[in-house]
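I will jot down what I look up as I go.

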Amino acid sequence: MHTMKILVCISKTPDTTAKIAFTDNNRKFVTDGVQWILNPYDEWYALVRAIEIKEKDPSAVLHLVMVGGPDCDAVIRKALALGGDEAIRINAEPVDSFQVASQIASIAKPGAYDLILTGKETIDYNGASVGGMVAAILEFPFVSLAAKLELAGDMVTLVREIEGGEETVEVKLPLVVGCQKGMAEQRIPNMKGIMGARSKPLKVVEPIAAESQTEILSFELPAAKKGVRLIPADSAEELIKLLHDEAKVI
């Protein structure tokens with residue numbers, strides 16, 4: 001009997017409360033003092049759905065993979081505390097989506113994984129491209145924006161959001177899926193999981209040669225919000241004039 005092998009791609013992102021600043025002529029994100037977290041789309045949807053599959057089929061093998069340096073280990077351990085048999089960290093700093101996807105594919109191909117799950121995107125760069133690139137390199141089918149996933153043998157039924165509705169698709173394994181809200185419910189690691197994560201294997205592998213295909217020219221912060229103007233309740237004419245002349249919405 002074939003043993004299901006699942007690979008979940010995880011990444012770290014700045015906490016949403018982090019102060020955002022740039023240096024090097026606005027080409028580089030300032031990471032000093034930034035609190036790093038597990039990317040929520042990877043954690044809440046891709047990883048938790050994979051854990052649910054393993055709970056139904058304890059024989060399934062569940063591995064996690066991340067591209068990053070030693071500073072990622074704490075984030076990886078948090079992911080292992082939720083669930084998973086082992087994690088693999090590819091010892092390279094992420095540069096762009098193609099470079100990251102190439103590294104992940106270099107692990108996925110010899111690992112012969114049946115199902116590869118990613119979050120739909122990271123909450124910092126919002127590229128939503130790594131999953132599709134991994135699938136292209138491996139020559140696997142790719143389904144994006146999946147909100148539901150059900151397995152029956154080697155067939156996968158997925159429900160994904162489309163403009164104005166939902167689409168149900170059936171795909172045969174092996175497969176790469178980009179997961180979003182609806183795929184699973186957020187979980188919090190329990191004490192048993194946290195303690196167990198300490199002894200789970202965290203393998204560090206060296207990266208393959210993979211050139212980035214894009215270059216960041218500059219970042220730009222959004223313009224500062226203007227102050228609120230309060231108009232007295234009995235000054236409707238003034239409000240209408242401002243909406244017409246300044247806001248230009250009427």
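Before looking at helices, I noted a term: a crossing is left-handed if the near helix is turned anticlockwise from the far one by less than a right angle, and right-handed if clockwise. Helices (H or I, at least four residues) and strands (E, at least two) are DSSP runs, numbered from the N terminus.

This is a predicted model, where local features need pLDDT of at least 70, side-chain atom pairs count only at pLDDT 80 or more, and totals for chains, interfaces and linings use all residues. Residues are numbered from 1 along each chain as its sequence is written, and side-chain values use heavy atoms, with hydrogens and water left out.

Entry one, the helix pair. I found that H1 passes H2 in a right-handed crossing. Helix H1 (residues 40-56) and helix H2 (residues 73-82) pack at about 45°, their axes 10 Å apart; axes are lines fitted to C-alpha atoms, for helices over the stretch in contact, and angles run from 0 to 180 degrees between N-to-C directions. Glu43, Leu47 and Ile51 of H1 meet Lys78, Ala79 and Leu82 of H2 (contact means heavy atoms within 4.5 Å).

Entry two, the sheet. I traced nine strands in an open, mixed sheet, ordered E11-E10-E9-E12-E8-E1-E6-E7-E13; two strands pair if DSSP finds at least two bridges between them. At the edges I found E11 (165-172) and E13 (202-205), each pairing on one side only. From one strand to the next, the twist averages 30°.

E6 (residues 61-67) and E7 (residues 86-90) run parallel, joined by five bridges. I spotted leucine 64 opposite alanine 87 in E7.
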